[in-house]
Amino acid sequence: MTNHDPDAALLAKAETLTEALPYLQRYAGKTFVVKYGGHAMGDPERQRDFAEDMVLLKAIGVNPVVVHGGGPQIGAMLKRLGVESQFVNGLRVTDAATAQIAEMVLAGSINKEIVSWIAAAGGRAVGISGKDAGLVIAEKVQGREADPLKGIERHVDLGFVGEPVAVDPRLIESLSADGIIPVIAPVAIGLDGHTYNINADTMAGAIAARLGAARFFLLTDVAGVLDKQGELMTDLNPARIAELRADGTISGGMIPKLETCVSAVEAGVDAAVILDGRVPHGMLLEIFTRQGAGTLVRR
Ligand SMILES: Nc1ncnc2c1ncn2[C@@H]1O[C@H](COP(=O)(O)OP(=O)(O)O)[C@@H](O)[C@H]1O
Ligand SMILES: CC(=O)N[C@@H](CCC(=O)OP(=O)(O)O)C(=O)O
């Protein structure tokens, strides 16, 4: 090797940067909504990776908007407090006490933790919930559940489980324009004045749709959507998703996740990507390299 030949490792680093160039140009000024699921929040190292990714995106001119979950963390707190909790089609049945605990965990604890991680990575974040500045208005979800005996769906009361019916993007837009990363907890006020617990995927999808996001990422604890053999399905569209739901390939938490992807892409989001949030910098690889990751949902 002469002084003019950089070693292979250095060259590979430079190539990674040049490979990223078209993506950097394409995404500058665009909004990415990132749903950070409770299962994806791994150990402190993974949390640091996630925060670094958000700060890096902001530094290169993308506007990341974080909407987080915390289902397992709410579950752990309910258990400590001796409160039973039950899910119907991936949604937590939420009575008044559960709504209060969910808000405490989501908007009080997890939201501020994520803000701290971003601060530690050198970024500026503001933690809010759907309640702040009328960001999200919720309406009670009319729950439905399959009745195996009659073979039909029946109505179930999910309590204070809401879905967004209106999103006012002004607070997010002004924070983003000020160089701040908004971090949003999935809690909102209903038209009736009650506090509603919103599935974080649903909340993130409604925000992505309203912002006309270029990308909507859902970070979870599986590689993406898996078929019945456990193989990753890399590309899906709304029609295929309806088939997978009907034949039982998708269940539990994957149901609201894919429903929200479909609503988001139908509302104009370019693409939604479900990927494993525990893979170090998996989102950066998905965004800035030719090698995709996870399941891409497009219209
Ligand atoms: N076809 C499928 N492919 C992948 N995961 C699935 C599928 N069907 C159901 N799931 C479940 O959905 C879960 C992801 O949803 P959820 O637990 O709500 O994640 P998060 O907390 O990240 O939102 C997976 O861990 C898996 O148990
Ligand atoms: C109504 C409903 O189910 N709300 C969710 C909110 C948190 C969430 O969605 O968190 P993950 O993204 O980590 O699953 C719950 O209570 O668990």
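Glu52 is partly exposed, with a relative accessible area of 33%; buried means under 20%, exposed over 50% and partly exposed in between, using a 1.4 Å probe on protein chains only. Glu52 forms a salt bridge with Arg48, their closest N and O atoms being 3.6 Å apart. A salt bridge is a side-chain nitrogen of Lys or Arg within 4 Å of a carboxyl oxygen of Asp or Glu.

This is a predicted model: local features need pLDDT of at least 70, side-chain atom pairs count only at pLDDT 80 or more, and totals for chains, interfaces and linings use all residues. Residues are numbered from 1 along each chain as its sequence is written, chains are lettered from A and ligands numbered from 1 in the order in which they are written, and side-chain values use heavy atoms, with hydrogens and water left out.

**Salt bridges**
- The structure holds 12 salt bridges.
- Arg48 and Glu52 are 4 residues apart in helix H2, so about one helical turn separates them.
- Helices (H or I, at least four residues) and strands (E, at least two) are DSSP runs, numbered from the N terminus.
- At 45% relative accessibility, Arg48 is partly exposed.
- A network of salt bridges links Glu45, Arg46, Arg48, Asp49 and Glu52.
- Lys140 pairs with Asp157 in a salt bridge, the closest N and O atoms being 2.6 Å apart.
- That pair links distant parts of the chain, 17 residues apart: Lys140 in strand E6, Asp157 in the loop between strands E8 and E9.
- Lys140 is partly exposed at 28%, while Asp157 is exposed at 51%.
- Lys35 forms a salt bridge with Asp201, the closest N and O atoms being 2.8 Å apart.

**Helix H8**
- Lys257 lies in helix H8, residues 254-266.
- Lys257 counts as buried, at 7% relative accessibility.
- Beyond its neighbours within four places in sequence, Lys257 is in contact (heavy atoms within 4.5 Å) with Lys35, Asp201, Leu218, Thr220 and Ile274.
- H8 is mostly covered, with 10 of its 13 residues buried.
- Just after H8, Gly268 takes a positive phi of about 115°.

**A question to close**
- Which residues of H8 are buried?
- They are Met254, Ile255, Pro256, Lys257, Leu258, Thr260, Cys261, Val262, Ala264 and Val265.
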